[in-house]
Amino acid sequence: MQTVTGRQFWPLDARLEDIFIEDIAHALSMMCRFGGHCQRFYSVAEHSVLVSENVPPQDALWALLHDASEAYITDIVRPAKRFIDGYKQMEANIMAAVCGAFDLPYAEPPSVKRADNAILADEAAQIMGARPKDWILPEPPLGIQIVGLSPADAKKAFLARYHALASAGHADA
């Protein structure tokens, strides 16, 4: 595939030298969470920034990039992911390349999973319509405010967060 920066990327053969923060930021800023089934546009990039801001500093870059694979293979709603043969493996391979590119541990820190699930509770309450069924969420909401940034503003926020982490020594710039 071709990325927005004009590079080639092989989703089935992800290599760390093909991972670029600009491609990730752009793609995630253009992707709406929940397959677009929310009351207003809310990007994966904005979600990622929120997760990153709600973990300990040492886990902030991992949190910012926790959905980076979706920049290359799109965001699939949670209930469907487990039924798509090969998706989880492709996602894991891309995340391994992301971790290698940004010098991150390969295992997702527990704080990232907790924040991701807690923010899901905030998202359910703020941007989703009436729920036909209880989501049975594992974490209570954090009480953060979902803005619903435009793609351009979400990309800026994502890159600003990345560069702030890089200047603080939490990222390879």
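Which residue lies over the face of Phe20? Arg7 does, at 3.4 Å from the ring centre, where a charge is taken to sit over a ring if NZ of Lys or CZ of Arg is within 6 Å of the ring centre and within 35 degrees of the ring normal. The model is predicted, so that local features need pLDDT of at least 70 and side-chain atom pairs count only at pLDDT 80 or more, while totals for chains, interfaces and linings use all residues. Residues are numbered from 1 along each chain as its sequence is written, and side-chain values use heavy atoms, with hydrogens and water left out.

The charged end of Arg33 likewise sits over a ring, that of Phe34, 4.8 Å from its centre. Because Phe34 lies in the loop between α1 and α2 (44–52) and Trp135 in the loop between α7 (110–126) and α8, the pair ties together parts 101 residues apart in sequence. Phe34 is buried at 14% relative accessibility, whereas Trp135, at 28%, is partly exposed (buried is under 20% relative accessible area, exposed over 50%, partly exposed in between, with a 1.4 Å probe and protein chains only).

Another pair joins Phe102 and Tyr162, whose ring centres are 5.8 Å apart with planes at 75 degrees, so it is edge-to-face. Phe102 belongs to the loop between α6 (87–101) and α7, and Tyr162 to helix α8, 60 residues apart; both are buried.

The axes of α1 and α8 (residues 151–167) come within 8 Å and cross at roughly 145 degrees, the axes being lines fitted to C-alpha atoms over the stretch in contact, with angles from 0 to 180 degrees between N-to-C directions. In the contact (heavy atoms within 4.5 Å), residues of α1 including Ile24 and Leu28 meet residues of α8, among them Phe158 and Tyr162.

Definitions and conventions:
Helices (H or I, at least four residues) and strands (E, at least two) are DSSP runs, numbered from the N terminus. Rings of Phe, Tyr and Trp (its six-membered ring) pair if their centres lie within 6.5 Å; planes under 30 degrees apart count as stacked, over 60 as edge-to-face and the rest as tilted.
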